[in-house]
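Let's take a look at this protein together. Have the sequence and the 3D view ready, and we'll go from the whole chain to a few of its parts.

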Amino acid sequence: MNYDIEKIREDFPILSRKIHGKPLVYLDNAATTQKPLCVLDAMRHEYLNENANVHRGVHYLSVQATELHEQARETVRRFLNAKNTTEIVFTRGTTEGLNLIASTFSEAIMQPGDEVIVSVMEHHSNIVPWQLAANRKGIHLRVIPMSDDGVLDIEAYHNLFNEKTKIVSVTHVSNVLGTVNPVEDIIHIAHKHGVPCVVDGAQSAPHFKIDVQQLDCDFYVCSGHKMYGPTGVGVLYGKEDWLDRLPPYQGGGEMIDHVSFENTTFEQPPLKFEAGTPDYIATHGLAVAIDYLEKLGMDNIAAHEHALTEYAVQRLSQIDAIHIYGHGLAYGNRNSQLSTLNSKHLSDAVISFNVGRIHHMDMGTLLDQLGIAVRTGHHCAQPLMDRLGVLGTVRASFALYNTKEEIDTLAEGIERVSKMF
């Protein structure tokens with residue numbers, strides 16, 4: 001299809017507003033994406049026309065709301081290519097999905113002294129839940145190191161396994177470096193050791209096509225708000241046999257089969273993990289966002305963002321005293337990389353940098369005065385900051401609606417701020 005960027009931008013009215021009198025250049029998409037009108041309209045329509053609690057009512061509105069909610073589950077199943085909707089659990093986001101896995105898996109499967117493998121580039125939401133489990137169960141974290149150019153050391157990963165290793169939990173794409181990790185290889189190695197693998201897909205699901213069956217991951221988590229959908233909703237995919245084995249995460253209505261004061265039995269997955277009233281309006285909004293992504297075409301989105309990332313690296317590299325973190329290996333063909341994941345490590349839709357001795361907060365604050373929205377700080381990845389030897393960075397992250405002209409504006413803004421120092 002013809003990727004008409006101007007027409008796409010019309011779907012996001014916020015992009016046309018001004019900040020401090022300057023046109024908004026929104027480059028904080030790794031934190032959250034803007035929402036197209038179709039998502040907002042769909043959610044408003046449901047509140048006005050089909051709002052009722054799901055699963056529990058026999059009246060017309062409840063039936064309609066339930067149908068939209070379960071249709072959303074099927075939309076997610078199709079988007080991730082899961083085998084069955086029973087493998088799709090709705091959560092509040094990636095963080096809750098990872099907490100759910102860490103809590104239930106450590107409770108049901110792990111013993112004191114057992115180990116979980118994570119990587120040095122994990123978001124805090126894939127570190128802290130395992131640390132909480134470690135405090136409860138006496139388990140230990142082992143960490144995959146990385147090279148200076150932001151690539152995980154797969155040879156070192158091989159050597160982390162032993163008889164105590166019970167699970168691997170890694171990010172698909174680093175939210176700081178943009179590194180696309182070779183998760184298919186990581187999963188294959190884990191399975192050779194009889195160990196399941198969790199993939200944090202918060203930074204991959206919005207950017208390129210995901211096939212959980214091809215990846216063969218045991219769990220995959222992502223967030224609606226990073227996929228042009230509403231906040232407060234996310235997805236946990238889990239292979240059916242694993243979801244059957246894990247205990248409930250929370251107790252309450254909806255997730256029960258029968259309750260007495262002597263004993264409670266539970267529903268089958270996914271309802272076993274969905275206690276209480278779900279955000280059924282948000283699940284519908286997420287489904288509409290996925291439909292929007294699929295209409296544009298994930299391959300088209302991937303190609304557009306890949307070109308933006310490549311251009312941004314080239315453009316920003318020309319700035320005096322700039323240090324771009326990661327992006328150390330040459331770009332390869334994305335589709336080839338996603339299918340084989342052997343030799344190419346791409347960097348995707350994220351650039352983190354510092355300029356000379358300018359503090360990242362100062363750079364971000366002054367760029368904001370020029371209408372440019374970037375992220376500053378440790379990006380909820382303090383262990384990675386320690387590995388890079390910095391307190392924080394400036395992060396520009398790209399989405400399907402960003403343009404090369406906006407990258408030029410960013411580069412000119414950085415140069416302008418640099419002259420002030």
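## The whole chain

First, keep in mind that this is a predicted model. A compact globule with 421 residues would have a radius of gyration near 22 Å, and the chain has 22 Å, so the two agree. Along its principal axes, the C-alpha trace spans about 70 × 55 × 35 Å.

What is the chain built from? You'll find 15 helices and 17 strands. Take the contacts between residues at least 6 apart in sequence: 73% of them join residues at least 24 apart.

How much of the chain is tucked away? Of its 421 residues, 58% count as buried, and here buried means under 20% relative accessible area.

Now for the charges. There are 35 positive and 52 negative side chains. The centres of these two sets lie 4 Å apart.

Find strand β7, which covers residues 165–171. Why is β7 said to be largely enclosed by the rest of the structure? Because 6 of its 7 residues are buried.

β7 pairs with β5 in the parallel sense, over 3 bridges. In this pairing, valine 116 stands opposite isoleucine 167 of β7. β7 also pairs with strand β8 (residues 197–200), again in the parallel sense, this time over 4 bridges. Here valine 170 has valine 199 in β8 as its bridge partner. While you're looking at strands, here's a handy rule: in a regular strand the side chains alternate between the two faces of the sheet.

## A hairpin to look for

Next, go to strand β11 (residues 256–259) and strand β12 (residues 264–266), which pair in the antiparallel sense over 3 bridges. Together β11 and β12 make a hairpin, and 4 residues sit between them. To spot the pairing, look for histidine 258, whose bridge partner in β12 is threonine 265.

## Isoleucine 109 in its loop

Where does isoleucine 109 sit? Its place is in the loop between α4 (94–108) and β5 (115–119). Setting aside neighbours within four places in sequence, isoleucine 109 is in contact with Asp114, Trp242, Arg245 and Leu246.

Isoleucine 109 and glycine 413 are 304 residues apart in sequence, and their C-alpha atoms are 52 Å apart in space.

Notes:
Residues are numbered from 1 along each chain as its sequence is written. This is a predicted model: local features need pLDDT of at least 70, side-chain atom pairs count only at pLDDT 80 or more; totals for chains, interfaces and linings use all residues. Side-chain values use heavy atoms; hydrogens and water are left out. Helices (H or I, at least four residues) and strands (E, at least two) are DSSP runs, numbered from the N terminus. The radius of gyration is taken over C-alpha atoms; the globule rule is 2.2 Å times the number of residues to the power 0.38. Buried means under 20% relative accessible area, exposed over 50%, partly exposed in between (1.4 Å probe, protein chains only). Contact means heavy atoms within 4.5 Å. Lys and Arg count as positive and Asp and Glu as negative; His and the chain ends are not counted. The place of a charge is taken as NZ of Lys, CZ of Arg, CG of Asp or CD of Glu. Two strands pair if DSSP finds at least two bridges between them.
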